[in-house]
Amino acid sequence: MNPDLSRPRPAGQEEHPLLAPFAERELPAGRHQFHKERLMAQIHEDLRAADVTTPAAPAAPARVTGSRNPFLRRAVLVPAAAFALAGALAVGFLSYVDRGAADGPGSTVATGPALTTRIGAADPKGAPQLLDRISLASASVSGPAVRADQFIYIGSKAANTYVRTVGSKSTLVSLPLHMRHQWNSPDGTKGWLIEPGNTGPEGVTLAGPDEKGNAPTPHLNAPTHDYLATLPTDPDVLLRRIYEETKGKGNGPDQEAFTTIGDLLRSSYPPAELTTALYRAAAKIPGVVTVDEAVDAAGRSGIAVARLDEHSGQREEWIFDRQTLTFLGERSVQVQGESGEQGLIKPGTVVYTSAVMTRTVVDRMKELPPAAR
């Protein structure tokens, strides 16, 4: 199971296991199934409570619950953990802004106190062709060969923007760009996460039963590597299964299917045949477009496959290298209307940005591959 604690997502109404006993892991286990405004309302309530208990510390939003692995879906940093590392994170973010300063009015690099970008032009006709090319490119790359005693490591960068409300005043704030490290055994019984703002310097374990004492059962929204190997690789069969298993969740079946595939591409290490099938399945989802330019959290420019969530007005973008068509990262950009309290999240706001830096197999938990050191 693949932790990703960096992005707010609207959540559904079903309950899901929480990780305990660590305070940093007391996260609602959701993904985006409520409308944006309900999410923001919940965030503001959490922030107000955090401000009361810790008035001098900068706060970060919590997230709303749903029936997802709390570590597969993107979430925001939790106030209890963010307080301890706020100063260091702020320094890191300012350095990031300095390094990634916009190169002009047309820049797509996310910068500023609130991450903003130029909205790339969407092409509703180009997605099937691009995804076909991406699937062919992915088919030429061998998938991970992992033994039962090894671990899948994913190192990534992430940042996000949210509305922070103190009393009657709301402001738009960006949580710092930060590095996160996760390790998972193929069967999902062992795992570890180190992420500034969500864990202490040593990180937290991802192993153990849910709050009811039950062993977690892998599924599409909380997969293990072994589980991924059992999924069908026929694109039509795979897409039908995604629709069936995510029925009633998210902001409509098509958006939920697109988001689910994006989660699997970003937060896991699927076998090569499944990766190819996921791209081909995505090409069959209505409303999928290409975007001429997008930049990931590491500042790498590429072309994107995207879909607009009409409920939130945010466009979810999968970013690929233009030459190799390698998956680089993902971001969500407000492109229509305004959201958040007082409409502070305006078009051009980058609500979330990520970049996959290293994805490989290691022999030991907490072992950093050379590329991640």
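This section describes the overall make-up of a predicted model and then several of its local features.

The chain contains seven helices and 10 strands. Of its 373 residues, 58% are buried. Among contacts between residues at least 6 apart in sequence, 67% join residues at least 24 apart.

Helix H7 (residues 272-282) takes part in several of the features described here. Nine of its 11 residues are buried, so H7 is largely enclosed by the rest of the structure. The buried residues of H7 are Ala 272, Leu 274, Thr 275, Thr 276, Ala 277, Leu 278, Tyr 279, Ala 281 and Ala 282. Helix H5 (residues 235-245) packs against H7, with the two axes coming within 9 Å and crossing at roughly 75°. Because angles of 65 to 115 degrees count as roughly perpendicular, H5 and H7 are therefore assigned to that class. On the H5 side, the contact is made by Pro 235, Leu 238, Leu 239 and Ile 242, and on the H7 side by Leu 274, Ala 277, Leu 278, Arg 280 and Ala 281. By class, this contact of H5 with H7 comprises eight nonpolar residues, one charged residue and no polar residues.

The structure holds four aromatic pairs. One of them joins Tyr 279 and Phe 320 in an edge-to-face arrangement, with 5.7 Å centre to centre and 65° between the planes. This pair links distant parts of the chain, since Tyr 279 belongs to H7 whereas Phe 320 lies in strand S8 (residues 314-320), 41 residues apart. Tyr 279 and Phe 320 are both buried. Phe 320 also pairs with Phe 327, again edge-to-face, at 5.6 Å centre to centre and with 80° between the planes. Phe 327 is buried, as is Phe 320. Through these ring pairs, Tyr 279, Phe 320 and Phe 327 are linked into a cluster.

The loop between S8 and strand S9 (327-334) includes Leu 325. Most residues other than glycine have a negative phi. Leu 325, although not a glycine, has a positive phi of about 65°. With a relative accessible area of 10%, Leu 325 is buried.

A positive phi, near 70°, is likewise found at Lys 366, a residue other than glycine. Lys 366 is located in the segment after strand S10 (350-362). At 42% relative accessibility, Lys 366 counts as partly exposed. Its charged end sits over the ring of Trp 192, 4.3 Å from the ring centre. Another placement of a charged residue over a ring involves Arg 359, which lies over the face of Tyr 269 at 5.9 Å from the ring centre.

Helix H3 (residues 127-139) includes Ala 127. Ala 127 has a relative accessible area of 3% and is therefore buried, the cut-off being under 20%. When residues up to four places away in sequence are not counted, Ala 127 touches Val 288, Val 289 and Thr 290. The C-alpha atoms of Ala 127 and Val 291 are 9.0 Å apart in space, although these residues are 164 residues apart in sequence.

Technical notes:
Residues are numbered from 1 along each chain as its sequence is written. This is a predicted model: local features need pLDDT of at least 70, side-chain atom pairs count only at pLDDT 80 or more; totals for chains, interfaces and linings use all residues. Side-chain values use heavy atoms; hydrogens and water are left out. Rings of Phe, Tyr and Trp (its six-membered ring) pair if their centres lie within 6.5 Å; planes under 30 degrees apart count as stacked, over 60 as edge-to-face and the rest as tilted. Helices (H or I, at least four residues) and strands (E, at least two) are DSSP runs, numbered from the N terminus. Buried means under 20% relative accessible area, exposed over 50%, partly exposed in between (1.4 Å probe, protein chains only). A charge sits over a ring if NZ of Lys or CZ of Arg is within 6 Å of the ring centre and within 35 degrees of the ring normal. Axes are lines fitted to C-alpha atoms, for helices over the stretch in contact, and angles run from 0 to 180 degrees between N-to-C directions. Angles under 35 degrees count as roughly parallel, over 145 as roughly antiparallel, 65 to 115 as roughly perpendicular and the rest as oblique. Contact means heavy atoms within 4.5 Å. Ala, Val, Leu, Ile, Met, Phe, Trp, Tyr, Cys and Pro count as nonpolar, Asp, Glu, Lys and Arg as charged, and the others, Gly among them, as polar.
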